[in-house]
Amino acid sequence: MIFRQLFEQDSSTYTYLLACEQSGECVLIDPVIDTVERDLAVLQALGLKLTYTLETHMHADHLTGARKLRAYTGSKIVVSAMDKLACADVGVEENQVFRVGQIELHPLFTPGHTGHHHAYLLDNGMQKVLFSGDALLIEACGRTDFQSGDPVKLYQSITEKFFTLPDETLVYPAHDYEGRQITTIGQEKNRNPRVGNNTSQEAFVAIMNGLNLPYPRKIDFAVPGNELCGECPDNVPEQYRGACEIVQLPPELSRPMKAGDQG
């Protein structure tokens, strides 16, 4: 398997590239509209053609790059089947394996940050890898005060779905705001100040209800835009509209690199 962890600075979002070396099929988990050209350059350098984009949830802090990537590559947009998005091509559900070539991702329904949040578990036979979305971050977790958020459901998602995985399970979150890239289930069980060290559900709910976080600065256009798989609504501020344009790509980004190509 080919794996890359990619970072979008403005929203501190991690996008994950997973590619099956045998088939050449690949998926981008949580792509961001602002870094579509960067992602295309990575795909071209690796000689890959994008097959799928896959969302963990309906994001409030950025517009997804799914629609724009589909326009450029013909990739299929994959979201939770619960979202029932007319713009999506495939819906994922828990207990139904999502395959990318020979890679198998197991969707885990993990509500709480949003009502339809899904994480994705990869088991390569040696070590489990969890793409946790916003449900579980590094020594933190996603907020629960909008988009059908529910601290009780998030506590249950983390303790009953994530913390029952082996301690050595690698955890790749959708965000980190302090320059960290990876954690493990064992580390979060021991060190997470919100939910680790056997924190009770009642204590967790009190912590989450007392965060008093600022209103997300992009939510008013990000959520309606993401309900359209990354189509920019009319209320996108001017400083963010440049990423909305679908333009003619330079030749080097419009095709995968072939064997023997240089550079």
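1. A word on conventions before the details. Residues are numbered from 1 along each chain as its sequence is written, and side-chain values use heavy atoms, with hydrogens and water left out. As the model is predicted, local features need pLDDT of at least 70 and side-chain atom pairs count only at pLDDT 80 or more, while totals for chains, interfaces and linings use all residues.

2. Let us begin with the largest pocket, which holds about 630 Å³ of space. A pocket here is an open set of points on a 1 Å grid over the protein atoms alone, with protein on both sides within 12 Å along at least five of seven lines. Grid points are joined across faces, edges and corners, and a volume is the space filled by probe spheres set on the points. The lining comprises 28 residues (those with an atom within 4 Å of a point). Nearest the centre of the pocket lie Asp 61, Arg 143, His 175, Tyr 177 and Leu 213.

3. By class, that pocket lining has 11 charged, 10 nonpolar and seven polar residues. The classes take Ala, Val, Leu, Ile, Met, Phe, Trp, Tyr, Cys and Pro as nonpolar, Asp, Glu, Lys and Arg as charged, and the others, Gly among them, as polar.

4. You will also find two cavities of 30 Å³ or more, a cavity being a set of points where a 1.4 Å probe fits but cannot get out. The largest cavity has about 90 Å³ of space. Of its 14 lining residues, Glu 55, His 57, Met 58, Val 79 and Asp 83 lie nearest the centre. Strand S5 (residues 76-80) gives the most to this lining, with three residues; strands are DSSP runs of E, at least two residues, and helices are runs of H or I, at least four, each numbered from the N terminus. Seven polar, five nonpolar and two charged residues make up the lining of the largest cavity.

5. The second largest cavity holds about 50 Å³. Its lining is made by Ile 33, Asp 34, His 62, Leu 63, Lys 218, Phe 221, Tyr 240 and Ala 243, with five nonpolar, one polar and two charged residues.

6. Turning to helices, the axes of H1 (residues 36-46) and H2 (residues 66-73) come within 10 Å and cross at roughly 45°. Axes are lines fitted to C-alpha atoms, for helices over the stretch in contact, and angles run from 0 to 180 degrees between N-to-C directions. H1 and H2 are therefore oblique to each other, as angles under 35 degrees count as roughly parallel, over 145 as roughly antiparallel, 65 to 115 as roughly perpendicular and the rest as oblique. In H1, Val 36, Glu 37 and Leu 40 meet Lys 68, Leu 69, Tyr 72 and Thr 73 of H2 (contact means heavy atoms within 4.5 Å).
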